[in-house]
Amino acid sequence: MSDTRELLVQAAQRVFSDHASGVVDGTESEGDAALWSALTEAGVTTALHRDMAGELGLADAAALVRPAAYHGAAIPLAETLIAQWLSADMAGEMPTTPMTFVTSPMEGHAVRGGWRIQGVGSRIPWLRAASHVVLPVWVGGRLSLAMVANEGVSVQRGHNLAGEPRDEFSLDAVTPNVWPASAIDLSTISALGAAFRSIQIAGAIDRVLDLTVMYVRDRIQFGKPLSKLQAVQQLCATLAGHAAAATASADLALEALEERVDLTKIAAAKTRTGEAAGAAAAIAHQLHGAMGVSREHVLHRFTLRLWAWRDEYGNEAHWSLWLGQQIAKAGVEALWPLITETRGTSA
Amino acid sequence: MSNLVFAAPPASTPRHAELRKEVRSFLESALAGMSPAQRASSWFNFDADFSRQLGARGWIGMTWPKQYGGSERSAHDRYIVVEELLAAGAPVGAHWIADRQSGPLLLRFGSEQQRQTILPRIVRGECYFCIGMSEPDSGSDLAAVRTRAEPVNGGGYRVNGAKVWTTFAHVANYMILFCRTDDRSDDRHKGFSQFLVDLSTPGITVRPILDMGGRHHFNEVVFQDVFLEEGALIGERGDGWSQVTSELALERSGPERFLSSYVLLTELVRALGPNPDERAAIAIGRLTSHLIVLRRLSRSVAGMLESGGAPGLQAALVKDVGNSLEQELPEIARLLSSVEPDSGSADPFVSTLAETILQAPIYSLRGGAREVLRGIIARGLDVR
């Protein structure tokens, strides 16, 4: 981890810990404004802003969503950072407010004052809270990116399993901000979403593990803490195995964002974290008993997100299929070099 | 956040790539005659000639000091050689235990004389070891060991007892014997010692225990009034428990903990061809994702070990998660085809599937049974 990244992550962690107690039910649907402004003061929400980012790269910024997920932050941090990164080449001024992005392309054509963008976007994270939306758009058969102000647009509210905003809109707007998507294709945009969700899943699983360990140590049954029971210990160890795998997957996803966006690493990371998410949530609920499924207990804030995030930007089957087809096409001789990242080293 | 920290794996340099290339090109010719089903038993294949070839290339005892024949290479270099050997299904069984476990034990706790006489021979690939731990009444519960070495008047020890499940005792030169030297006390872990035992010593009887596939790698080793010189003691008398547990903790996170059934994956990919159906492609992609992540975890622990850390919890996790994947692999592979597993089949996928199914139960037993490991992991999490 670079020094800059470490400093920024530490700054973010301080803000998250200070605000952790302020997280209350219901913030999922509107966002935690107080947390957002504290993070903005710390420079976290503009980590990839063209005019403020300085030496930070995509991977440095992506590292921030892990502590955010660990602390259950109800804010569009991942979405804003991705939107900022996608807008690096835009001509106009980049907003410093919350933003989001769309993965499926719309249609655009030149009109007076810019480009007219038309299309439908669904399951857009945090659309209602975003001042601007970055989206891929076909202009004369060529893929471009556009930034559209989220004003006067009718937003249809929707939610994921965890109550986080997943809204839709039918867009017909004119924007001056359209630029060629030079190094970015459609699969890259989805892959960015998948990489960030993998990192978030690792953060949330870490929290689920901590909550579970704490609970089984405190909860007395049969005259002793649950943690004394071997059956409980075995489940905790299995949960830790998934947490370890998710941690390594998140690190892999970060690495995938270092230079070019590496789809193979992202496919492996989303596949493995998606699987870990379900397994970890199941064990945590089993060990928390009925308490864990109550609205009052904090566990669901993390397990609901795990169940939502694993299906966003491609579930395990989606990414496994993609990777499996690449492997089959490349042939068996390319499998070990792929696993060891040593293409070109084979004898 | 939790204490489950995994440091970034050590970075690869062009020099590492060179080494990897060298190993791959050696293996390509050295293993040309081996069938996939033979390769599937990698570290259960005893091939002294192959071990001597590796020794000649300096790929055994790679990290050991030059004064004992080693080449003082880094643990990262050794990791590369080992993972390439295992992925190719190389017959590493003859020198495996000596290189991975017994040699390092002698380096840490052995006498100067033991090191000088044994280590250079291991490095050359001509001296093989077995490990005398399990007994008829002592499997996972190592502290229940009853084999005893009694001090003899005038020096030395007399050993009586029996060891079981001793892999390659019938072909190895030496055993690292774990046994009782002092009476039981309140501390169950006290009173044990380790000995370097030349298996040609009079009074030692080795009897085969065939596995369910009819193969001979396990043995029963009976000690009847076996006399050992004073110089056979390894380390301090009574320190056997702490010596042996430090030895075990180091061998939980290597590539052998997730690559045991890898040859079957390669045969599966080969058999499925360039256009597998969706179900098969998903399975291949999923298994590969798991392997990529496990390898990252394993390399991370290797890096932490090399920089002097004590990642006992992380190492146990790698073994537990890795063994589970190793055992899941044949279960997935069989459902992607309509064949029946058959060791005698001429179809390489069919025979490799059979071999892997037969070996799979042992993956989560050797080096610490799954349930024991999970107990260790739980303690590491402070769940106790």
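Two residues are taken to be in contact if their C-beta atoms, placed from the backbone, lie within 7 Å. This is a predicted model, in which local features need pLDDT of at least 70 and side-chain atom pairs count only at pLDDT 80 or more, while totals for chains, interfaces and linings use all residues. Residues are numbered from 1 along each chain as its sequence is written, and chains are lettered from A in the order in which they are written.

**View 1. The contact between chain A and chain B.** In this view 47 residues of chain A are in contact with 49 residues of chain B. Helix 7 (186-218), helix 8 (230-256), helix 9 (263-288), helix 11 (316-330) and helix 12 (335-339) of chain A each contribute at least two residues to the side of chain A that touches chain B, where helices are DSSP runs of H or I with at least four residues, numbered from the N terminus. Of the residues on that side, 14 belong to helix 8 of chain A, which gives the most. By class, the side of chain A that touches chain B holds 26 nonpolar, 14 polar and seven charged residues; here Ala, Val, Leu, Ile, Met, Phe, Trp, Tyr, Cys and Pro count as nonpolar, Asp, Glu, Lys and Arg as charged, and the others, Gly among them, as polar. The predictor assigns the complex an ipTM of 0.96 and a pTM of 0.96. For chain B the mean pLDDT (the predictor's confidence in each residue, from 0 to 100) is 95, and 99% of its residues reach 70 or more.

**View 2. The two domains of chain A.** Chain A is divided into domain 1 (3-180) and domain 2 (186-339), with bounds that come from an automatic or database domain assignment. The centres of domain 1 of chain A and domain 2 of chain A, taken over C-alpha atoms, are separated by 24 Å. Their contact takes 22 residues from domain 1 of chain A and 25 residues from domain 2 of chain A. On the side of domain 1 of chain A that touches domain 2 of chain A, helix 4 (58-62), helix 5 (65-70) and helix 6 (77-86) of chain A each supply at least two residues, and helix 5 of chain A gives the most, with six residues. That side of domain 1 of chain A has 16 nonpolar, three polar and three charged residues.

**View 3. The largest nonpolar core.** A nonpolar core is a set of buried Ala, Val, Leu, Ile, Met, Phe, Trp, Tyr and Cys residues joined through C-beta atoms within 7 Å; a residue is buried if 20 or more other C-beta atoms lie within 10 Å of its own, exposed if 12 or fewer, and partly exposed in between. The largest core has 225 residues, of which Ala62(A), Leu64(A), Ala195(A), Ile205(A), Cys236(A), Ala240(A) and Ala280(A) touch the most other members. Helix 7 of chain A provides the largest share of this core, 17 residues. When residues up to four places away in sequence are not counted, Ala195(A) touches Ala62(A), Ala253(A), Ala256(A), Leu257(A), Ile266(A) and Ala269(A).

**View 4. Helix 11 of chain A and its surroundings.** Helix 11 of chain A has 15 residues and reaches 21 Å from its first C-alpha to its last, close to the 21 Å expected at 1.5 Å a residue, the expected span being 1.5 Å times one less than the number of residues. Among its buried residues are Trp319(A), Trp322(A), Leu323(A) and Ile327(A). The buried residues of helix 11 of chain A pack against helix 7, helix 9 and helix 12 of chain A, together with helix 8 and helix 9 (278-306) of chain B. Helix 11 of chain A is followed by Gly331(A), which has a positive phi, near 90 degrees.

**View 5. Helix 4 and helix 8 of chain B.** Helix 4 (residues 75-87) of chain B is mostly covered, with 11 of its 13 residues buried, and what covers its buried residues includes helix 12 of chain A together with helix 1 (14-30), helix 8 and helix 9 of chain B. Gly89(B), whose phi is positive, near 70 degrees, follows helix 4 of chain B. Helix 8 (residues 262-272) of chain B is also mostly covered, 10 of its 11 residues being buried.

**View 6. Glu256(B) in its loop.** Glu256(B) is found in the loop between helix 7 (240-250) and helix 8 of chain B. Glu256(B) counts as buried because it has 25 C-beta neighbours inside 10 Å. Residues up to four places away in sequence aside, Glu256(B) touches Trp43(B) and Leu86(B).
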